[in-house]
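Okay, thanks for making time, everyone. Let me put the model up and then walk you through the parts I looked at.

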Amino acid sequence: TTQVTSWALSLKPGQEGTTVYAPKTWSAPADWSAGNVTVSWAGDSLAEKVFVVWEKETREWYGFSTDTGNYLWKTEPQFYLDYHVATENAIAYGKLFSVGVSGIVYCYDLTTGQRAWTYKLSDPYQEILWANDWWGQIMFIAGGKIYIGHSEHSPINPLPRGAPFTAIDIETGEVVFRVDGMFRQTHWGGTAAIGDSIIATQDSYDQRVYAVGKGPSALTATAPNIGVDLGKSVVVTGT
């Protein structure tokens, strides 16, 4: 197609169906109209005021404003393996995150579309058949971290060893923790979720469900069991 038109309708109580912005038409890149690329609506965030579309063959994201429909930016191409249909995205904290079959986690600034950082889900055993990095899947974003697991479509046996379960700081791209060989995710069975600071997830290595969080805590304190004169020091010990 040579042009892309978007419009927005209000869901605000009492204003349902009214126009937020009139149809906005954008002249698409020449390779879209050539008819040899696949372009799809990919995701949105009303809180961040951005929606994105995905050009699969070039592995590029296009950002638009949810307030006006105006075109904002285009990202750099991702690794070629991300042309597969399973490339995912999430929008939060002023950033666009993307990961797919390439096993590379991408983070983009929502204002500029510039790449902020990348992280490779490296496979030290190189048992993935098509790459040196694990196929990645976004599980959730919480507490300033994005949680990534390994996804699979049609697993072979024996299963590749050491599938990663990873939390990454969204601002720096630094790994907060990574556990290899635990909590292997699945393309078909749903992914890990978080609630009340507890992660609930299946591990498709052993077909069990786990709850992951802080362990039990307790407070002990001991103070002198005698009266202490005003102004005198006292030592309280405990764990």
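Let's start with Ile226, which sits in the loop between β18 (221-222) and β19 (237-238). A quick word on the labels: helices (H or I, at least four residues) and strands (E, at least two) are DSSP runs, numbered from the N terminus. Before I go on, this is a predicted model, so local features need pLDDT of at least 70 and side-chain atom pairs count only at pLDDT 80 or more, while totals for chains, interfaces and linings use all residues. Residues are numbered from 1 along each chain as its sequence is written, and side-chain values use heavy atoms, with hydrogens and water left out.

So, is Ile226 buried or exposed? Ile226 is exposed, at a relative accessible area of 64%. The cut-offs here are under 20% relative accessible area for buried, over 50% for exposed, and partly exposed in between, with a 1.4 Å probe and protein chains only. Ile226 also belongs to a nonpolar surface patch of about 370 Å², together with Val228, Val234 and Val236. For patches, the residues have over 30% relative accessible area and no salt bridge; like charges are joined within 9 Å, and nonpolar side chains (Val, Leu, Ile, Met, Phe, Trp, Tyr) within 5 Å. A salt bridge, in turn, is a side-chain nitrogen of Lys or Arg within 4 Å of a carboxyl oxygen of Asp or Glu. The areas come from the Shrake-Rupley method with a 1.4 Å probe, and for residues only the protein chains shown count as cover.

Now zoom out to the whole chain. We have 1 helix and 19 strands. The radius of gyration is 24 Å, well over the 18 Å that the globule rule gives for 239 residues, so the chain is more spread out than a compact globule. That radius is taken over C-alpha atoms, and the globule rule is 2.2 Å times the number of residues to the power 0.38. Along its principal axes, the C-alpha trace spans about 85 × 55 × 30 Å. Of the 239 residues, 39% are buried.

On to the sheets. Pairing here needs DSSP to find at least two bridges between two strands, and for the angles, axes are lines fitted to C-alpha atoms, for helices over the stretch in contact, with angles running from 0 to 180 degrees between N-to-C directions.

Look at β4 in there. How many of the residues of β4 are buried? It's 6 of 6, so to speak a mostly covered strand. Val50, Val52 and Trp54 point one way, Phe51, Val53 and Glu55 point the other, and all are buried. β4 pairs antiparallel with β3 over 6 bridges, and there Trp41 stands opposite Val53. On the other partner, β4 (residues 50-55) and β5 (residues 60-65) are antiparallel over 6 bridges. Trp54 has Trp61 of β5 as its bridge partner, and Val50 is opposite Ser65. Check the turns too: the β3 and β4 hairpin has 4 residues between the strands, with Lys49 at a positive phi near 65°. The β4 and β5 hairpin has 4 residues between its strands, and Arg59 in that turn has a positive phi of about 55°.

There's another open sheet of 4 strands, ordered β7-β8-β9-β10, with antiparallel pairing. Here β7 (88-92) and β10 (115-120) are the edges, pairing on one side only. The twist averages 15° from one strand to the next.

β8 is the one to look at: 5 of its 5 residues are buried, so β8 is largely enclosed by the rest of the structure. Lys95, Phe97 and Val99 are on one side, Leu96 and Ser98 on the other. β7 and β8 pair over 5 bridges, antiparallel, with Ala90 opposite Phe97. β8 (residues 95-99) and β9 (residues 104-109) pair over 4 bridges, also antiparallel, and Leu96 stands opposite Tyr108. In the turns, Tyr93 has a positive phi near 55°, and Gly103 one of about 80°.
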